[in-house]
Amino acid sequence: MNQSLLVLAALVVVPVLILMALRINAALVFLSLCLGDVLVQFVSTDASSILPAMGMHVSMQTVKLILLGIPVLLTAIFMIRSVKGARLMINVLPALGVGLVGAFLIIPELPPHLAASIVDSSQWQKIKNAQDMIVGASALLSLLVLWLQRPKSGEEGKHAKKHAHA
């Protein structure tokens with residue numbers, strides 16, 4: 001297996017493994033990834049022009065990767081062990097969305113020779129052809145998972161009464 005396929009596999013599989021092993025709510029991480037992309041689109045140019053004034057000289061690609069990654073990293077840290085019981089099996093679907101959509105967003109910001117070798121691979125072309133379906137399904141699945149996590153009616157009141165008597 002060549003280097004580009006290893007990088008592609010790592011970009012997709014490693015987030016899934018981390019999210020599942022640490023029982024992190026992948027739906028929230030997916031939405032944080034989307035927020036990171038919004039930050040890249042609207043803040044990266046200003047951030048890259050401000051950083052040199054602060055004595056920090058980083059490339060635009062680095063600024064974009066940082067802006068993309070900060071919401072994801074912070075959400076992952078705050079959400080460790082937030083998925084309990086049988087919900088862990090459902091969590092794998094948005095986790096896979098995080099890996100795939102993350103790859104779509106990260107690969108263009110990789111060093112040009114590495115990005116080109118990944119983009120030229122037949123495996124990437126298969127994934128890229130399904131990009132619209134992957135992004136749409138990942139977004140819908142993440143929302144469904146969040147909606148399913150809503151407390152059942154009466155649960156909130158039980159907790160409030162329980163803590164009020166304590």
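In which helix is the place of Ser138? Ser138 sits in helix α7, within a predicted model whose protein chain holds 8 helices and 0 strands. Read from the N terminus, the elements of the protein chain follow the order α-α-α-α-α-α-α-α, and the C-alpha atoms occupy a box of roughly 60 × 45 × 25 Å along the principal axes. Of the 166 residues in the protein chain, 33% are buried, and among contacts with a separation of 6 or more, 83% are between residues 24 or more positions apart.

- The side chain of Ser138 comes to 2.7 Å from the backbone oxygen of Ile134, and, once neighbours within four places in sequence are set aside, Ser138 is in contact with Phe30, Gly97 and Val101.
- One of these partners, Phe30, is itself among the buried residues of α2.

- Helix α2 spans residues 26-50 and carries a kink of about 60 degrees, which is centred on Val43.
- At the start of α2, a side-chain oxygen of Asn25 comes to within 3.0 Å of the backbone nitrogen of Ala27.
- The buried residues of α2 are Ala26, Ala27, Val29, Phe30, Ser32, Leu33, Gly36, Val40, Ser44, Ala47 and Ser48.
- Several of these positions, including Val29, Phe30, Leu33, Gly36 and Val40, can be followed along the helix in the structure above; in general, an α-helix has 3.6 residues a turn, so residues three or four places apart point the same way.
- The cover over the buried residues of α2 includes α1 (3-21), α3 (60-78), α4 (87-106) and α7 (131-148).

**Ser48 in helix α2**

- Ser48, which is found in helix α2, has a relative accessible area of 19% and therefore counts as buried, since the class takes in values under 20%.
- A polar atom of the Ser48 side chain lies 2.9 Å from the backbone oxygen of Thr45.
- Apart from neighbours within four places in sequence, Ser48 is in contact with Met60 and Val63, while α3, the helix running over residues 60-78, is one of the elements covering the buried residues of α2.

**The aromatic pair**

- The count of aromatic pairs in the model comes to 1.
- Phe104 and Trp124 form this pair, with 5.6 Å from centre to centre and 65 degrees between the planes; the arrangement is edge-to-face because angles over 60 degrees are placed in that class.
- The pair links distant parts of the chain, with Phe104 in helix α4 and Trp124 in helix α6 (residues 122-129), 20 residues apart.
- Both partners are buried, Phe104 at 7% relative accessibility and Trp124 at 4%.

**Packing of α1 against α5**

- Helix α5 (residues 112-119) packs with α1 at an angle of about 85 degrees, and the two axes are 9 Å apart.
- The two helices, α1 and α5, are therefore roughly perpendicular to each other, since that class takes in angles of 65 to 115 degrees.
- On the α1 side the residues that meet α5 are Gln3, Ser4, Val7 and Leu8, and on the α5 side they are Leu114, Ser117 and Ile118.

**Loop residues**

- Most residues other than glycine have a negative phi, and the next two residues can be read against that background.
- Arg23, in the loop between α1 and α2, has a positive phi near 55 degrees although not a glycine, and Arg23 counts as partly exposed at 27% relative accessibility.
- Arg81, in the loop between α3 and α4, likewise has a positive phi, of about 60 degrees, without being a glycine; Arg81 is exposed, with a relative accessible area of 61%.
- Ala130 has its place in the loop between α6 and α7 and counts as partly exposed at 28% relative accessibility.
- The C-alpha atoms of Ala130 and Ile70 are separated by 27 Å, and the two residues are 60 residues apart along the chain.

Terms used. Residues numbered from 1 in each chain as written. Predicted model: local features only at pLDDT ≥ 70, side-chain atom pairs only at ≥ 80, totals over all residues. Heavy atoms only, no water. Bend = angle between axes of the 7 residues up to and from the residue. Helix = DSSP H or I, 4+ residues; strand = E, 2+ residues; numbered from the N terminus. Buried < 20%, exposed > 50% of the residue type's maximum accessible area, 1.4 Å probe, protein only. Contact = heavy atoms within 4.5 Å. Polar contact = N/O pair within 3.5 Å; in protein donor to acceptor, adjacent residues only side chain to side chain. Phe/Tyr/Trp six-rings, centres within 6.5 Å; stacked < 30°, edge-to-face > 60°. Axes fitted to C-alpha atoms, helices over the stretch in contact; angles between N-to-C directions. Parallel < 35°, antiparallel > 145°, perpendicular 65-115°, else oblique.
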